[in-house]
Amino acid sequence: DLNAQLDAADAEVEAAVFTLRSGVTAQFLLALQTQARANLQDTLVVQQRLQLELAQARAGVGAGTSLDVKRAEVQLGQQEVAALRARNTADVERLRLFQQLGVPMPEGVELTAELSMAAPSYQLGDLLETARRQNPTLLAVRARQRVAVAGVRSAQSEYTPRDRKSTCLNSSHVRTSRMPSS
């Protein structure tokens, strides 16, 4: 009973570690993704500035109108807002990553990763077997089940007679009386 409880506690700790590791990994990837989006938006701001300069140059030589310049200015403003929002989102996601890690975020931190892409070569049966043997949450549930079974057995043993002889009826002590027939 005690060993089963210790096994269940160990399995629950392993499940919590697995959950934390998965959460940190997911948050790291999300922070990388938002950082890349922010960098893209910054690039688009530069492109929009060039479009504004082009519109101004065309208007200067008479090949464009002031309306073209105004449109380019509006598009630049919109792109700057989008870039600012993307930067803020990236900062928030990076901060959430460090919150999950439980450490303060250093100033000016830039996340980097070299992730390789490869086609998986797993077989479904192998994946399912590995999941059954190594999934921390599943192992914790099984350990808790063993604790519950041990508890039920313990409870049953308290209500089950310990001396089986006392529950048996000895046929030599049982008397039957017959009623006289009339």
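Reply: Here are some questions and answers on this chain.
This is a predicted model, where local features need pLDDT of at least 70, side-chain atom pairs count only at pLDDT 80 or more, and totals for chains, interfaces and linings use all residues. Residues are numbered from 1 along each chain as its sequence is written, and side-chain values use heavy atoms, leaving out hydrogens and water.

Me: What pattern does the chain follow along the sequence?

Reply: Helices (H or I, at least four residues) and strands (E, at least two) are DSSP runs, numbered from the N terminus. The chain has 4 helices and 0 strands. Read along the sequence, that gives α-α-α-α.

Me: Are H1 and H2 roughly parallel or roughly antiparallel to each other?

Reply: The axes of H1 (residues 2–61) and H2 (residues 66–101) come within 8 Å and cross at roughly 165°. Axes here are lines fitted to C-alpha atoms over the stretch in contact, and angles run from 0 to 180 degrees between N-to-C directions. Angles under 35 degrees count as roughly parallel, over 145 as roughly antiparallel, 65 to 115 as roughly perpendicular and the rest as oblique. So H1 and H2 are roughly antiparallel.

Me: Is Gln41 buried or exposed?

Reply: Gln41 sits in helix H1, and it touches Gln79, Ala82, Ala83 and Ala86, leaving aside residues up to four places away in sequence. Touching is contact, meaning heavy atoms within 4.5 Å. Buried means under 20% relative accessible area, exposed over 50%, partly exposed in between (1.4 Å probe, protein chains only). Gln41 has 19% relative accessibility, so it counts as buried.
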